[in-house]
Amino acid sequence: MLRIGCHLSVSKGFAAMGREALSIGANTFQYFSRNPRGGSAKALDQRDIEEFLELAAQNDIKNILAHAPYTLNACAADEGLRRFAKETMLDDLRRMEYLPGNCYNFHPGSHVKQGVDTGIAYITEMLNDILWPGMHTTVLLETMAGKGSEVGRTFEELRRIIDGVELNGYLGVCLDTCHIWEAGYDIVNDLDGILKEFDSVIGLERLKGIHLNDSKNPMSAHKDRHEKLGEGSLGRETIEAVINHPYLKGLPFYLETPNDLDGYRMEIALAKELYRG
Ligand code: FE
Ligand code: FE
Ligand code: ZN
């Protein structure tokens, strides 16, 4: 069975997201842990959480993925910005304890002019500060397109972050198909080779989710522009190959394509059509 969903708005709460997911044929979803521009998170509503957990159990909704605000920068040069990223993520992770067994995805950050080594050092330092033994969430590093000075454009950079973190049993990776293509990994012509490379550099057991996006740009563009499934430079065949790749079987797929809810409903139907059990 294909585990697939899309990015949903958290504004009406978890039970509402669960119902919305079901209404478009999804059995999972992603949401922003708080306003993507930063800001404070809404107070947790225990009744809403309970209602959601019941709905999820009844309808086999699993692998909920929280996405950190993309404006957080764990490797900013400014110490205040780094502290803000750390405190925000720690607060998010504490709240996620109410939804145990799920994942929290974040963009490693942009090192700006400090260089990638300094960037990686700051990111590992933050993770060493916020992860705790016994936590019930897996924290995912997202593969990035390499826009500007983004850290995480290569598998090796993600490996170095993982290696620097003491409690790295709580770390995994979320692979974004648009991002790795724009980072320079040729998944159109050599998906198999790229996934083998992922396995040898990071390890497939770290891969916990796929952001399933087409791209508006050619390979190595480093721009990060998502496109609707089958309508971009990856194309329908590559999307089909990704969904059906034996290495990726059983992983949750999350759409972050430019769509409204109806568009997502159609893409989920398309993905199910392309999926060969
Ligand atoms: Fe992302
Ligand atoms: Fe993504
Ligand atoms: Zn993106």
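The following paragraphs go through the metal sites of this predicted model and then its cysteines.

Residues are numbered from 1 along each chain as its sequence is written, while chains are lettered from A and ligands numbered from 1 in the order in which they are written. Because the model is predicted, local features need pLDDT of at least 70 and side-chain atom pairs count only at pLDDT 80 or more, whereas totals for chains, interfaces and linings use all residues; side-chain values use heavy atoms, with hydrogens and water left out.

The iron ion (ligand 2) is held by Glu142 (OE), Asp176 (OD), His211 (ND1) and Glu256 (OE), at 2.1 to 2.2 Å, where donors are N, O and S atoms within 2.8 Å of the metal (3.2 Å for Na, K and Ca), and sites may look incomplete because water is not among the atoms. The angles among the four donor atoms run from 85 to 170°, and the site is irregular, the class left over when four donors are neither tetrahedral (all angles between 85 and 135 degrees) nor square planar, and six are not octahedral (for both of the latter, opposite donors over 155 degrees apart and all others between 65 and 115). Along the sequence, the donor residues of this iron ion (ligand 2) follow the spacing E-x33-D-x34-H-x44-E. Asp176 in strand β6 (residues 171–176) and Glu256 in the loop between β10 (253–255) and α9 (261–274) link distant parts of the chain, 80 residues apart; helices (H or I, at least four residues) and strands (E, at least two) are DSSP runs, numbered from the N terminus. Asp176 is buried at a relative accessible area of 0%, and Glu256 is buried at 14%, buried meaning under 20% relative accessible area, exposed over 50% and partly exposed in between (1.4 Å probe, protein chains only).

The zinc ion (ligand 3) is 5.2 Å from the iron ion (ligand 1), and its donors are His179 (NE2), Asp224 (OD) and His226 (NE2), at 2.0 to 2.3 Å. Since His179 lies in helix α6 (residues 177–183) and Asp224 in the loop between β8 (214–215) and β9 (226–227), the pair ties together parts that are 45 residues apart in sequence. His179 is buried at 2% relative accessibility, as is Asp224 at 18%.

Turning to the cysteines, the model has zero disulfides, a disulfide being a pair of cysteine sulfur atoms within 2.5 Å. The sulfur of Cys75 is 18 Å from the closest cysteine sulfur, in Cys174, and therefore too far for a bond.
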